[in-house]
Amino acid sequence: PVLCYHQIRDWTEKDTRFQRQFILPVARFNEHMKALHDEGYTVISAEQLVDHYRLNIKLPAKAVVLTFDDGTVSQYRNALPELEKYGYKATFFIMTVTIGHEDYLTARQVKELYDEGNIIGCHTWDHHSVTGYYSEKDWLTQLVQPLKQLEGITGNKILYFAYPNGMWDDDAMQHLKKNWAICIPR
């Protein structure tokens, strides 16, 4: 399985019912990580999962991939310490429009996540569904420039892309293949 998280923080009075679907309270997230550990799950990387499908490399019996979407600072402040406690690594899919904005990761934090062995992936520039891109300018803005920005931050090629809202089509697949991203639906 691939477990996908968004915000890891306690709810506030301002959070709507809709927003709370994407916010996991810190204590609950910690329970998730402890349960994975206690039940003998092995956290594997997205790269290991791709190798399993492409090269038929065997996975541990209880393998799980941890992913985080959008690049919120709550992932860094609240999830990362718990991941480190168990020696877990994750894949962080970043929207580049938010880098450095309030409540989102800074470029330094993205680089630190990468340098600590986590995978950094692209989640578009501003989370618009790839099925709504109609021009080369859209692809440049939403895919090519974000990939280059993340490569500039990490110093390495970005290979993974998570479709916003899990929406994709053949046109998106062709553009992603052209730009060397491996896609994980969301």
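A residue counts as buried here when its relative accessible area is under 20%, and as exposed when that area is over 50%. Keep that in mind as we walk through this predicted model.

Let's start with helix 5, which runs over residues 107-115. Which of its residues are buried? They are Gln 109, Val 110 and Leu 113. Around the helix axis these residues cover an arc of only 100 degrees, so they sit on the same side of helix 5. Turn to the other side of the helix and you'll find Arg 108 and Asp 115, both exposed. As for what lies over the buried residues, the cover includes helix 4 (73-86) and helix 6 (136-154), along with strand 6 (91-94) and strand 7 (119-122). Follow the chain just past the end of helix 5 and you reach Gly 117, which takes a positive phi of about 100 degrees.

Helix 4 leads us to another spot worth a look. In the loop between strand 5 (63-70) and helix 4 is Thr 72. Is Thr 72 buried or exposed? With a relative accessible area of 5%, Thr 72 falls under the 20% cut-off, so it is buried. Its side chain makes a polar contact of 3.0 Å with the side chain of Ser 74. If you set aside the neighbours within four places in sequence, Thr 72 is in contact with His 6 and Gln 7, and also with Asp 103, Tyr 104 and Leu 105.

Now for the greasy inside. The largest nonpolar core has 36 residues, and those with the most contacts inside it are Phe 29, Met 33, Leu 66, Phe 68, Leu 83 and Leu 150. Take Met 33 as an example: not counting residues up to four places away in sequence, Met 33 touches Tyr 5, Leu 66, Glu 82, Leu 83, Tyr 86 and Tyr 88. There's also a second, separate core of six residues, with Ala 46, Val 50, Phe 93 and Ile 119 among them.

Finally, zoom out to the whole protein. Its secondary structure comes to seven helices and nine strands. The radius of gyration is 16 Å, close to the 16 Å that the globule rule gives for 186 residues, so the protein is as compact as a globular protein of that length. The C-alpha trace spans about 45 × 45 × 30 Å along its principal axes. Of the 186 residues, 43% count as buried. Among contacts with a separation of 6 or more, 62% come from residues 24 or more positions apart.

Definitions and conventions. Residues numbered from 1 in each chain as written. Predicted model: local features only at pLDDT ≥ 70, side-chain atom pairs only at ≥ 80, totals over all residues. Heavy atoms only, no water. Buried < 20%, exposed > 50% of the residue type's maximum accessible area, 1.4 Å probe, protein only. Helix = DSSP H or I, 4+ residues; strand = E, 2+ residues; numbered from the N terminus. Arc of directions from axis to C-beta. Contact = heavy atoms within 4.5 Å. Polar contact = N/O pair within 3.5 Å; in protein donor to acceptor, adjacent residues only side chain to side chain. Core = buried A, V, L, I, M, F, W, Y, C linked by side-chain atoms within 4.5 Å. Rg over C-alpha atoms; globule rule 2.2 N^0.38 Å.
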